[in-house]
Amino acid sequence: MELVLDIATWILLLAGSVLLVITGYGLLRLPDLYTRIHAGGMADTLATTLIFIGLALQSGFSLITVKLLLVIVFIFFTSPTSSYALAQASFVAGLKPKLDGFGAVKKPDEDA
Amino acid sequence: MISFGFFNYWIFIILLMIGLYTVMSRSNLVKKMIGLSLFQISVFLFYISMGKVTGGTAPIVVENTADAVTTAYSNPLPHVLILTAIVVGIATTALGLSLVVRIKESFGTIDEEDILEMEDGA
Amino acid sequence: MLLLIAGTMTVLMVRNLFVATMLLGIVSFTMALIFISLDAVDVAFTEAAVGAGISTVLYIGTLALVGSQEKERAKFAVGPLVICVAVGAVLYYATYDMPQFGHPDNPVQTHVAPRYIQESPTEIGIPNMVTSVLASYRGYDTFGEVTVIFTAGIGVLLILRQRRRRRTDANKDAKDTPLDTDRDGKGSSLSGLGSNHDLVPHVIAKLLIPFIFVFALYVQFHGDFGPGGGFQAGVIFAAGIILYALVFSLDLARAVINEKAILFLICAVVLLYGGVGVAGMLLGGNFLDYNVLASDPVAGQHLGILLVELGVGITVTAAMLAIFYAFVGRADLIEEASQRGEK
Amino acid sequence: MTIYAITAIAVLVSIALALARAIIGPTSYDRILSVNAIGTKTVLLIGVMGFLGGRPDFLDLALVYALVNFIGTLAVLKYFKFGTLRGTLSKPRDNA
């Protein structure tokens, strides 16, 4: 049983780590904001969930598990929300998605 | 994890220098406040690094050990000092920022040198 | 660590104050991580809540009032740089006299710390030494800190609640009865910007805010056993209300807890803290001596720490909220003043 | 044990990359995004480091970070959208 849990933790944590590094790479390399939001918002949430579930498997069943689950739920709610708000705000501010060529990027500091 | 030699102190010095330089060289008052925050952070780091004991753990008694001697704890005193210092720091920062807001309203700018010029001209 | 330096360097470099604020947030996050790795969980807790949360909000509140572009100035300040490098060099030289990092026999570790570490579990009876030192051994100190926060809160209110000179005093209580017409005057100029379907943050915030409050209470009363305590709980509580004010509106938040109540709370709770001390005196002990509060010294310490932490928590909440309200409400004041000037 | 260290290193690398994005980010929104991402990763790192140090009872911290991150992002976005922190997050209501 221990072994099974350990292996599960290993798999989950490794998957999470790989996802995280991909996230970082994506943040750096993707061409414009809206694609970067995919890296920063969605992959992050999945990676967090994976890693915390992996940790929860290790912690036995205690207050720690409950806290881990709380963190997961919290991240699960807030991270997409802030991604959404970010995308919406930048779209409203006139930052156009980069479709093919290089679109006109409006400096957001000048409005408001 | 990061516990070798004087590394922490060096980081503290570099941070402190950056903070000091920001405060002294930038004429924008908000930037000065940011520099002040950096300076504060560096001092926090210094205190906390002093309280660290290698191999120690956080100063919260581990429940299942009967006597506290067997486990090494980090020094709780700097933690207490810094804990209050952080909150006091934000309070003073808020006070400074509110003064900045007032200055902006009275002078129309938050740039120190402009304000000095205005005062000389007046 | 190196991340931290990179972050700070950029804070120095960027011209846009807004970006500097964001980077300050990053620095704060990194810093708190370092605190955790240095075993200072309580400090990291506070730094997380204060440095990364409240201070970002405050800076942004200020920038909203003063504008975010730093003036271009190409000149390179030599004098300050020389001074900084000199100070740095002296400090660097001094590090060679510093005791070895993390060694248990350092001078810091040998004065009062062993007593705190060894005696506090039996004398105070709570596992979190930081809390016991904070609230009991160094009770005077903390009392002083609370007073500082109190003073800062009052000071911010005094500075920012002042109205412009050209305003008459006819509308003295304008803050308590917000003028909806003025508000819409501003709103209409912006209505092209916002879109109407910002449902998601509303729903999520509604879902989360009760949990934030429960969590704040948990931090408050669990502070004896784990990381946490009055300062942190106060900040979290304030953060909850700030979230409410951000997502819904300041007026609604004012309806939940208005400024008069905040002022009342700040004052009342400093008095509560002092009162605990005086109660100790009346019962025959010293000022802030909790041993006499109950028949058993340990129980007395428990009671005293509980009350004091509660005092700290509410003071911090109230002061933070007062500061936040003052900053955000300032825009209204200015606007009202200018509109009055136009009339 | 090893796996925790591996994860921690991965998180650190990721934070470093996000920080790079925050520094070079052409628009301010990029910077907000990376601050948000760094916040999320900090939460992760706290969890992992708690297990790495053998005292995983500090997860309260992680919760606070998640919360603070959320509030900070919302505040910043609101500032960008309306230039001020007052009013509601959505479009200013008509006085209906």
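How many cavities of 30 Å³ or more does the structure hold? There are 12. Hello everyone, and let me walk you through them and their surroundings.

First, some housekeeping. This is a predicted model, in which local features need pLDDT of at least 70 and side-chain atom pairs count only at pLDDT 80 or more, while totals for chains, interfaces and linings use all residues. Residues are numbered from 1 along each chain as its sequence is written, chains are lettered from A and ligands numbered from 1 in the order in which they are written, and side-chain values use heavy atoms, with hydrogens and water left out.

Now, what is a cavity here? Rolling a probe the size of a water molecule over the atoms shows where empty space is left. On a 1 Å grid over the protein atoms alone, a cavity is a set of points where a 1.4 Å probe fits but cannot get out, and lining residues have an atom within 4 Å of a point. Points are joined across faces, edges and corners, and the volume is the space filled by probe spheres set on them.

The largest cavity contains about 170 Å³ of space. Its lining counts 15 residues, and the closest to the centre are B:Ser37, B:Gln40, C:Glu47, C:Gly51 and C:Ser55. Which elements give two or more residues to that lining? From chain B they are helix 2 (29-51) and helix 3 (76-107), and from chain C helix 2 (17-37) and helix 3 (41-66). When I say helix, I mean a DSSP run of H or I with at least four residues, and a strand is a run of E with at least two, both numbered from the N terminus. Helix 3 of chain C provides the largest share of this lining, with 5 residues. By class, we find 7 nonpolar, 7 polar and 1 charged residues. For those classes, Ala, Val, Leu, Ile, Met, Phe, Trp, Tyr, Cys and Pro are nonpolar, Asp, Glu, Lys and Arg are charged, and the others, Gly among them, are polar.

On to the second largest cavity, at about 110 Å³. Here 13 residues form the lining, with C:Met22, C:Ala52, C:Thr56, D:Val35 and D:Gly72 nearest the centre. Helix 2 and helix 3 of chain C each give two or more residues, and so do helix 2 (28-52) and helix 3 (59-82) of chain D. The largest share, 5 residues, belongs to helix 3 of chain D. This lining has 7 nonpolar and 6 polar residues, and no charged ones.

Let's move to chain A. It has 3 helices and 0 strands, and 49% of its 112 residues are buried. Buried means under 20% relative accessible area, exposed means over 50%, and partly exposed is in between, using a 1.4 Å probe and protein chains only.

Take A:Asp44, in helix 2 (residues 33-58) of chain A. Is this residue buried or exposed? A:Asp44 counts as buried because its relative accessible area is 1%. Contact, by the way, means heavy atoms within 4.5 Å. Setting aside neighbours within four places in sequence, A:Asp44 contacts A:Leu20, A:Thr23 and A:Ala39, plus D:Ala37, D:Thr40 and D:Lys41.

A:Thr78 sits in helix 3 (residues 63-92) of chain A. With a relative accessibility of 4%, A:Thr78 is buried too. Beyond residues up to four places away in sequence, A:Thr78 touches C:Leu208 and D:Phe70.

Chain C comes next, with 14 helices and 0 strands. Of its 343 residues, 56% are buried. Among its contacts between residues at least 6 apart in sequence, 71% join residues at least 24 apart.

One residue of chain C brings us to the largest nonpolar core. A nonpolar core is a set of buried Ala, Val, Leu, Ile, Met, Phe, Trp, Tyr and Cys residues joined through side-chain atoms within 4.5 Å. This one has 171 residues, and A:Leu55, C:Ile236, C:Phe327 and D:Leu61 touch the most other members.

Last stop: B:Phe107, in helix 3 of chain B. B:Phe107 is partly exposed, at 30% relative accessibility. Apart from neighbours within four places in sequence, its contacts are B:Ile115, B:Met118 and B:Glu119.

Notes. On a 1 Å grid over the protein atoms alone, a cavity is a set of points where a 1.4 Å probe fits but cannot get out, and a pocket is an open set with protein on both sides within 12 Å along at least five of seven lines; lining residues have an atom within 4 Å of a point.
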